[in-house]
Amino acid sequence: MAKLPDGDPAPADGRLPARAGTGADDRDLGVYVHVPYCRVRCGYCDFNTYTAEELGGTSRKEYIDEALVELELARSRLGEIDAVRPVSTVFFGGGTPTLLPPEDLVRMLAGIRSTFGILPDAEITTEANPDSVDERDLAKLRDGGFTRVSFGMQSAVPHVLRTLDRTHDPKRVPEVVAAAGRTGLEASVDLIYGTPGESLDDWRTSLEAAIELDTAHVSAYALIVEDGTAMARNIRRGTVPPVDDDLQADMYELADVLLSAAGYDWYEVSNWSKSGAESRHNLAYWTGQDWWGIGPGAHSHVGGVRWWNVKHPAAYASRIEQRLSPVMARELLDDETRRTERILLETRIRSGLPVGVLEADGRRAVAELIAAGLVDAEAALGGRVVPTLRGRLLADRVVRDLT
Amino acid sequence: MSPRAATPLEPARTDISAIRNFCIIAHIDHGKSTLADRMLQLTGVVEERVMRAQYLDRMDIERERGITIKSQAVRMPWAVDGSTYALNMIDTPGHVDFSYEVSRSLAACEGALLLVDAAQGIEAQTLANLYLALEHDLEIIPVLNKIDLPAADPQKYAEEIAKLIGGDPDDVLRVSGKTGEGVDALLDRVVRDVPAPKGDPDAAARAMIFDSVYDAYRGVITFVRMMDGSLEPREKIQMMSTGATHELLEIGVSSPEPAPTKGLGTGEVGYLITGVKDVRQSKVGDTVTNHRKPADVALTGYEEPKPMVFSGLYPIDGSDYPVLREALDKLKLSDAALVYEPETSVALGFGFRCGFLGLLHLEIISERLRREFNLDLIATAPSVVYEVQTEEKNIVTVTNPSEFPTGKIDKIIEPVVNATLLAPKDYVGTIMELCQSRRGSLEGLDYLSEDRVEIRYRLPLGEIVFDFFDHLKSRTQGYASLDYEVEGTQEADLVKVDILLQGEQVDAFSAIVHRDSAYSYGVLMAGKLKDLIPRQQFEVPIQAAVGARIIARENIRAIRKDVLAKCYGGDISRKRKLLEKQKEGKKRMKMVGRVEVPQEAFIAALSTGESKKEGK
C-alpha cells in the first residue's frame with residue numbers, strides 16, 4: 001500500500017485555520033466519498049480498500065452512518081471558516097462503491113444535499129464494477145440524483161483481465177453501459193494499459209472495444225506496479241514479466257491516436273472526453289478547487305490546507321464513534337508550496353498553466369521544453385504551458401524542469 | 001589493578017639505562033590498540049574509569065576503521081625486581097601508505113613487539129614492517145594476541161613466527177589484550193630484552209621528529225626522540241632541514257595526556273610545542289637541535305614526503321568550491337604529505353588535483369572532507385605519475401590523464417612497485433593469475449609455513465591503484481594480504497582511453513592504460529555507464545576512444561515515459577513529495593553537456609566490479 005505522506009498533526013476536532021476559508025466563494029466545493037470495500041483484492045492494487053476478511057469487526061452496513069457523521073463534522077468545520085456552499089461535484093470512489101446497496105449511496109447523497117445543498121447542474125458520479133451493478137441498481141442511483149457512472153472496464157482482453165485479477169466477463173461491459181444509457185446516466189470507462197503480458201494489439205482491442213461503447217468519457221491509466229502489491233512480488237519472483245516503459249509509451253500514443261480519431265480529446269494526461277463531458281470532479285483536483293474527502297484514508301483540500309484521514313476502517317469507525325475528527329495528519333501549504341503544486345497540477349491539463357505562475361528559471365525552461373518538443377509552442381506564445389503528446393508522457397520531467 | 005612502579009621516574013632526570021623505547025608492529029585488527037589500552041591500565045597511567053576503548057586512536061575515522069593513522073608516544077612506569085623503568089611506547093601507523101612515518105617511528109625505538117593475531121597468523125603488512133624493524137636493528141619480541149579466542153591456534157602461529165625470525169616457538173609470548181592475560185609478563189620482557197638507548201648526553205642536542213600532529217588549540221605538537229644531548233623549556237630550537245628557528249613554548253611527555261616537564265634527556269621520547277600552525281614547519285624525519293649550540297650534522301634518514309597517487313576532488317555542488325579550498329588548507333596543517341593544486345574539469349567543473357601517499361591516504365582525506373566539512377565530493381580515478389617523452393624529446397610529467405600529450409609519443413616511464421602478497425597456499429594460482437593480468441612479473445615465492453605462502457611480484461603502480469586490492473580480496477575470500485613499496489620505474493606501452501558522451505569527451509572518465517587492455521577498459525566503462533546513467537529525453541551514445549579511433553560503443557535509448565500515476569483520491573501531497581525527491585536527485589546530478597550524470601555514475605564507474613542499476 002502506498003505510504004501516506006507525513007504531515008503535521010491535526011487538532012483532535014479537525015478545526016481549520018481561518019485562512020482556509022479565504023476566497024472560498026471563488027472555488028468549487030466537491031465531496032469525495034471513499035468506500036473502502038472490495039470483493040477481492042486485485043494483485044496490482046495499492047488503494048485503501050479491504051475485503052470482507054480483512055475488515056475485522058467493522059461492518060459495511062454501518063458505514064454510511066459513519067460517513068454521515070463525518071459529513072456533519074465537515075459542515076461544522078467549514079461553517080467556522082465561512083466556507084459552506086452548495087457542492088458542484090460528488091464522487092463515490094473506492095474500493096467498489098457499488099458493493100454497498102444503491103439505497104446506501106442514495107442515502108449518503110441525500111445527506112450531502114440536506115447538509116450543503118447541491119447545485120442544479122452538479123456532477124454526481126459513482127465508480128462501479130461491471131459485475132457489481134445491474135440496470136435496476138443504476139435506475140435507483142439515477143432516481144436518487146446520480147448523473148454519471150464510471151465503470152472499471154480495465155481491458156477487453158480476457159488474459160489481461162485475469163492478470164489484473166478482474167473477475168468480470170468482458171461481455172458484461174457493453175450491457176451495463178447500455179443499461180446506464182437507458183436509465184439516463186452518463187457513462188465513462190476506465191482502462192489500464194501496460195499490464196504484464198499485454199501486447200500492443202491487446203491494447204488496441206481494448207481501446208476499440210471502449211470506443212465501440214460510445215461513452216462520453218474514457219480514462220486510461222498506465223499500470224504502475226507499486227511496492228508491496230502481489231504483482232510486485234510476482235514480478236520480483238519472475239512469475240510475471242516486468243512492465244516495459246517503452247511499450248507503455250507506445251500504448252499511450254496509440255490511445256491518443258485512436259481516441260482522438262473517435263472524437264475524444266485529452267483534457268488531462270490520463271483522461272479523454274467528448275466535448276463538454278470532462279469530469280469536473282477530476283478537474284477539481286488539478287485546478288486547486290476545494291473538496292472534502294469522507295471515509296478512511298480519504299484526502300481533502302480546502303484553501304491551501306490538505307489533510308488525510310486515518311486509513312483503516314476500524315480506526316476510522318472508532319474516531320467517528322467518539323465524535324473525534326478522523327484526520328490523521330495535515331499540511332498547511334505556504335505560498336511557495338502552493339505555487340509548486342499549481343505547476344505540478346496544471347501542466348497536466350489541456351487548459352495548461354499560466355506562464356506567469358513560473359519564476360525566471362521556470363520561464364527559461366519553457367523555451368528549452370519547446371525546443372525539446374515537450375511543450376506546445378503555440379499555447380506557450382499565448383501565455384500557457386501545455387504539454388505536447390511527448391510532453392504528457394514525460395510530465396514528471398516537464399514539471400521538474402519548471403519548478 | 002595498581003601500578004607496579006610506586007614512583008615514576010622524572011623526565012629529563014632519568015638515567016638512560018632505565019629507558020626502554022619500543023613500538024608495536026601489527027596488522028589492522030590484530031588488536032594493537034586493545035593491547036596498548038591494557039598496558040596503559042596495567043602501568044597505572046590511565047585509570048580504569050577514564051579508559052576509553054582504544055585510547056590511543058584519537059580520530060573518529062580511525063576508531064571506526066580500526067586503524068591508527070597518526071602515531072603518538074606514551075610514557076609508562078614499570079618496575080622489575082625493585083628497579084623502576086620508563087617505558088616509551090611509540091604507536092606506529094599500520095598502513096602501507098604511511099611507510100615513511102613507520103620507518104621514522106622505528107628509528108625512535110630500540111625494540112618492537114611483533115604482534116600477531118593467534119587466530120589469523122602474520123599478514124603481509126606486518127611482514128613488511130617487520131623487515132623494516134630488522135633493518136633498524138630493533139630487538140623483536142614476538143607476541144601472539146587474542147589467545148582467548150576459540151579459534152586461536154597459538155602453537156601453529158608460534159612456529160610460523162619462530163621460522164620467520166629465528167628462535168624457539170616457546171619464546172613467543174601469548175597474551176590477550178581483551179582479558180589482560182600475559183600483559184604483565186610482556187612488560188617484564190620489554191624491560192629485560194629491549195636495549196636501553198644509546199646516545200651522547202653531552203653532545204649538541206639532536207632530536208628526531210617521528211610525528212607531527214596539528215591541534216586546533218595548541219598548534220603543531222611535534223613528537224621527538226632525543227638522540228643526543230637534551231632540550232629544555234624556553235630554549236630556541238632549530239629545524240636542521242630548513243634552518244628555521246622556533247621558540248620552545250612547551251616540552252613534555254604524554255602519559256597519555258601531555259604533561260610539561262623540565263626537559264627531555266638523551267634517549268627520552270616526548271613532545272615539543274613551538275606555536276607553529278602548519279605541520280610542514282615541523283616535518284617527520286627532520287632533526288631538531290639547539291639554536292644556540294647547534295649540532296653539526298643532522299640525523300640520517302630524512303625524506304620529503306612524496307605523493308604517489310593522484311586524484312581530482314570535485315564538489316558536487318560547484319558553489320562548494322571555496323569550502324573545499326578552505327577544507328584542504330585546514331587538512332594540510334595536520335598532514336604534511338597532502339599536496340593539491342586547483343584543477344578544472346570540463347565534466348566536473350572546478351576542483352583540486354590532490355597528491356596522496358597511497359590509496360588509503362586518499363580515502364581518509366576524502367572521508368574527512370565529507371565528514372568534517374560536510375562536502376559532497378566526486379573523486380576521479382586514481383592515477384600515478386608518468387613521465388611521457390614526446391617525439392620532440394620533451395618530457396611531460398603526467399599526473400592526470402588530461403595532461404597526456406596528444407602528439408606522437410616516444411616513450412612512457414611508469415612507477416613500479418615491489419609487492420609482497422601473503423595467502424594460504426590454495427590461492428597461489430588465483431593470485432598469480434591476477435598479478436599476471438596486471439603486467440606483474442614474479443620475483444619469488446616462499447612457504448612461510450605448511451599452508452601459507454609469500455609471493456613477491458614486481459608490478460606497475462598504475463595497475464594496483466585502481467581496483468587491484470578489491471580483486472585480490474574477492475578472489476581470495478579476503479585471505480590474502482598485500483604490501484608494496486615503490487621501487488623504480490620502467491618503460492611501458494600505454495595509451496589514453498577517452499570516454500565520450502554524445503560525442504563530448506568526459507575528462508573525468510579518461511584513463512591511462514596499457515595498450516593491450518585499452519579495448520577491455522573501453523568496453524567495461526561504456527557498459528558500466530550505460531547502466532549507471534539514467535535514460536534522458538534524447539538518445540545518448542557512449543563511446544570509448546583511443547585518439548580518434550573509437551574502440552567501444554554503447555547507446556542509452558531516450559526515455560519516452562516517466563510515471564503517469566493516477567492521482568489517487570486527490571493525494572496531491574504524495575505527488576508533490578515525489579517531485580521534491582526527484583528535484584533532490586537532480587541536484588546530485590552533474591551536467592555533462594546536456595546529459596545528466598548522477599554522482600553515483602562517477603563513483604561506481606570509477607570503482608571496481610560490475611555495477612547494477614538500483615530500482616527506479
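Start with chain B as a whole: among its contacts between residues at least 6 apart in sequence, 70% join residues at least 24 apart, a contact being two residues whose C-beta atoms, placed from the backbone, lie within 7 Å. The model is predicted: local features need pLDDT of at least 70, side-chain atom pairs count only at pLDDT 80 or more, and totals for chains, interfaces and linings use all residues. Residues are numbered from 1 along each chain as its sequence is written, while chains are lettered from A and ligands numbered from 1 in the order in which they are written.

Colour chain B by secondary structure; 14 helices and 31 strands are there. Helices (H or I, at least four residues) and strands (E, at least two) are DSSP runs, numbered from the N terminus. Of the 616 residues of chain B, 49% count as buried. Buried stands for 20 or more other C-beta atoms within 10 Å of the residue's own, with C-beta atoms placed from the backbone; 12 or fewer is exposed, and in between is partly exposed.

Next, select residues 183–193 of chain B, helix α6, where V183(B), L186(B), L187(B) and V190(B) are buried. Look down the axis of α6(B): the buried residues fall within an arc of 100°, so they line one face of the helix. The arc is taken over the directions from the helix axis to the C-beta atoms.

Now go to the open sheet of chain B, with 4 strands in the order β16-β17-β15-β18 and antiparallel pairing. Two strands pair if DSSP finds at least two bridges between them. At the edges, β16 (339–345) and β18 (377–379) of chain B each pair on one side only. Inside the sheet, select β15 (residues 309–315) and β17 (residues 349–356) of chain B, which are joined by 5 bridges.

Then show α7 (residues 321–334) and α8 (residues 359–373) of chain B, whose axes come within 11 Å and cross at roughly 115°. Axes are lines fitted to C-alpha atoms, for helices over the stretch in contact, and angles run from 0 to 180 degrees between N-to-C directions. To see the contact, display V323(B), A327(B) and L331(B) of α7(B) against I365(B), R368(B), L369(B) and F373(B) of α8(B).

Finally, bring in chain A: 38 of its residues are in contact with 23 residues of chain B.
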